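Visitor: I'd like to learn how to read a model like this one. Could you walk me through it?

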Amino acid sequence: TLLILAAVTTIALAGQEMPRFDYSISRKIMLTWDDRWEVGGSNMLAILSKDKKIIIRVKVSGDTGGGMKRMLFYKCPKNSVEESIDLSSLATTSTTDRCSSTISFQVSALKSVDDTDFQLAMGSSKLSYTEVFRERIEFFIKIEYATGELVSNRLFVWSLDAISSFSSASTSTSYKKRFLTDAAVNYMKKTSTATSGFDSIQFLEPAISRVLKEAPDFFKAKMNLGSILYFDAGSCLTFQMGKSIMFVNYNSKLDDDNQNFQKLMKLNIDDGKLWYSACGLRNEVKRFYDEKKPATSIGICSIVSFSGEVEPYQNTEAVEQRVPISDTSYSTCVSSDKACEVVPGISPNVTILSGMDFTAIVCPIICNDKTEVFRFYRNDVQMVGSGDEWTYVDGLRISRTGNIVEFPHTLSNRHSGVYRCEAGSKSFSFKVKVISLPQFQTETFVSDSHAKITGLLPPKVYAIEDEYVSYSCIVNFASLETVKIEPVFYFVETVGGSQSWTKMTLDEFRSKVNTDGADFFLNATSAGKDSKRLTATVRRVPPVYTTYGTNFSHRFVCDVSIDRSESMMVGMPTYKVQSGGDVVFIPRLTRKQFVLNPNNNCSVQGCGFSKGAFFEFSLTDEFMAYLTRVGVDVESYLRLDNDLLDNVKILFNNASEISTTNAPQRLAYKIYPVSSPDVAKELVKRKRLIPVYNFRYRTGSNIANLKLDKERHGEPIAALGQWDCRQDSLCFYSTDFDIGSSLSFLPVSLNFKMPTEPEPAAANSIIIGVVIGIICLIVVIILIVYWVRRQPERAYLVEEKEIQLGHNPKEEAKAEVFKEYQRVPNQAGDEDGAAVVPLQGNRMSLGSSLSVASGDDKELDQYKDDIDFKEFGEQGSFIGGYQNDPRKKEVFEAAGGNEASV
């Protein structure tokens, strides 16, 4: 009873898939405007301003029991209480502001085919500028289904609008300074009159610089603050960067002109000071003004952005617009000074977060001449540009101007190091630390191209009973010390008529499958300084036969996390990422998984050349349906001994045919009646016909971290090539493995034998008849010729002697008086052709006609040896002297002792 229940449990639960989020694999950490948060990946962050939107995509796969409820949970800034929104009943429009007292947002449903997309729209921020790096909104998704729930990782959203809104304008000024000082605004209206040397002004309000010091390290590398000076001012919201002069620390949208502009000035956001070449910067502003003539006004805007090629955040605010040209003063100066200077107060330590948009380091050397050549060195090796706007060097890119290096989102620890820039006689070195949060997929650059390396668990692992299987996950990271990788197991069980997934630790799992680790074991290792691997190995599936039955289906998850101290380095209170795979148990095949033609036995159907043969093999509909449901591909073929049947070409020259139906469930092979000797010879030497079913992962499956040990099944059969499961990397089991044991009933013995006399085929009966007719005709012709040409007088020995003596028996017979003759019967008792002798008295005595001593005795002796004396004796007697002649006596006795008979 227990075995039956276990078997029923195996059938009912094997192949069940735990509900899980369905999302695209990405190394992205930060979301940008109009980007999409695919729920289920790692923790992510976004920095959004008012009216910016992102899409929330909630897709779930697996067995939810027929229904589910999607809930969006959020936690407002300054609030520890989690609130929720029922996405399943959300309208396509929403007017409800959430977190209205801090950072407001709205959520609405988007029309999609499967109702998986929702829109998150940001509202205004009411935070103080001092709170922008401490407060954020926290989101996560919870899926509620009949027997459990599924919880996603978190999305953290910041707003920097409070910095853009900052204003310390005094009553003595008529404009909003935002975070700019009076000195900054005055300088942009009327550049310095100095003609040489380097100078500085306090450009940013010190209060803003103090707030920036509280930001996570990677924020400091990407935060862009400053001001824009542009001519013929319209609105600060519609300025074009290529038509503006920017007093900023950096912006990824800068063109070549503005990149060279960075050689003349440097804004240090750590202390808020702008350092510049007095004459060089003055000449550059005047040149730009002259290009825009006849401009009638200028505009000054403040800008806050999160630097990057695709900026996740950018906000501009008007400081003073439409300033009349009459209120400005721009003039040139002449300086022969080619000197360069290192800007003081620049921190050499830079932290860059992998998985984000481009992050730049700008050489903090300023020169009086913008044509000065700048060079960057990475670990003392020069990064040489090609003359293009940007040149990729080992995955990084350097600007044509030579003073800027950008780090893309695909970074690893190898990109950490010392980056030194040089200009004139000056140099400055950055110590760059790349932080890569734990990820199961990385991108490694090689020259100007890149290749992906995945550390994900195989999404599905097929565990065939009694086979070896091993699967791994590999997490990569950089500059982190607290990375922890742990296994989590989920088992499906039937409780009270419903199925539920139970989460288990490693110890609970071992207890469930009753193993001490001999057959199932886990190994967590460091694959390198910045990499960890978790490997699960099963020597024989399942590890042991337990109370759980033989079913080994479960979900295995690699759960990775870092502690709070390191997650705060990247602005998140927590960071987690998972990689999961469904382990699907498949019982080993037995007779019950097959439907076989009962006439597959050659002795039953009478295989033969005149009749041919027919064989048919099939997997059951139920078993094929199960394999299809769990995603197994089946390939089938027939092999003839150790050859792929398709490759035995002579058998397919109108001699036989393979057919399949329900591809590839049913295999059929028909041999037609054989007339070709070559086909017959081929069949005679073949011994077995074997159907083979290979079970495979689907083409394109990710099996990078899956190991299948098939060596115990022997070396591959060379003649089968890739059809042999031992050779096929996607094949995990073949019925060929068990042909010699549990599936020994599958092969068919052919037993074709050459007949002692060739069996005439029905199709050739006419030819055979014609041949026999020709033979008969030849025989008749021979007989006719013989009878025409025969000489009867030469048929007897006595006449032959007469002819030899010169007599003519034929002529003598014509002249002779009629005498009575009697024929002496031959051996067969037939008188035709027998010797004719005259009858003397009543009977002629042979003894009186022939001398015993004559040569005729020799003829008689010869004749005696050639006849059946018994039959001769029944026709007549042998006369004379038989008592003394044993041969004559024998003849006499054989004649029945009748002396009167001849």
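Guide: We'll go from confidence to sheets, then to loops, a salt bridge and a surface patch.

Visitor: What should I know before I start?

Guide: This is a predicted model, where local features need pLDDT of at least 70, side-chain atom pairs count only at pLDDT 80 or more, and totals for chains, interfaces and linings use all residues. Residues are numbered from 1 along each chain as its sequence is written, and side-chain values use heavy atoms, with hydrogens and water left out.

Visitor: What is the average pLDDT of the protein?

Guide: pLDDT is the predictor's confidence in each residue, from 0 to 100. Here the average is 83, and 81% of the residues score at least 70. Residues 1-12 stay under 50, with eight contacts (heavy atoms within 4.5 Å) beyond four places in sequence. The pLDDT is also below 50 over residues 863-878, although that stretch has 40 contacts beyond near neighbours in sequence. Where pLDDT is low, the predicted coordinates should not be read in detail.

Visitor: Now sheets. In what order do the strands run in the open sheet that includes β15?

Guide: Strands of a sheet pair through backbone hydrogen bonds, either parallel or antiparallel. Two strands count as paired if DSSP finds at least two bridges between them; helices (H or I, at least four residues) and strands (E, at least two) are DSSP runs, numbered from the N terminus. This sheet has four strands, ordered β16-β15-β19-β20, with antiparallel pairing. At the edges are β16 (244-248) and β20 (314-324), each pairing on one side only. Neighbouring strands are turned by 20 degrees against each other on average, direction ignored. Inside it, β15 (residues 223-231) and β19 (residues 297-306) are joined by nine bridges, and Leu225 has Val304 of β19 as its bridge partner.

Visitor: Which helix lies across β15 and β16?

Guide: That's α7 (residues 278-291), running at about 150 degrees to β16. Axes are lines fitted to C-alpha atoms, for helices over the stretch in contact, and angles run from 0 to 180 degrees between N-to-C directions.

Visitor: Why is one side of β42 left without a neighbour in its sheet?

Guide: Its open sheet of four strands has the order β42-β43-β47-β46, paired antiparallel. β42 (594-596) and β46 (656-661) stand at the edges with a single partner strand each, so one side of each has no neighbour in the sheet. Six bridges pair β43 (residues 613-619) with β47 (residues 666-671), and Phe614 stands opposite Lys670 in β47.

Visitor: Which residues does a cis peptide bond join?

Guide: Val541 and Pro542, with omega about -10 degrees. Pro542 sits in the loop between β39 (531-538) and β40 (554-562).

Visitor: How many salt bridges are there?

Guide: A salt bridge is a side-chain nitrogen of Lys or Arg within 4 Å of a carboxyl oxygen of Asp or Glu. By this rule there are 44. One of them joins Arg134 and Glu214 (3.2 Å, N to O), which are 80 residues apart.

Visitor: Which residues make the nonpolar surface patch?

Guide: Patch residues have over 30% relative accessible area and no salt bridge; like charges are joined within 9 Å, nonpolar side chains (Val, Leu, Ile, Met, Phe, Trp, Tyr) within 5 Å. Areas come from the Shrake-Rupley method with a 1.4 Å probe, and for residues only the protein chains shown count as cover. Ile767, Val771, Ile775, Val779, Leu783, Tyr786 and Trp787 make a patch of about 730 Å². Tyr786 is found in α13 (residues 765-789).
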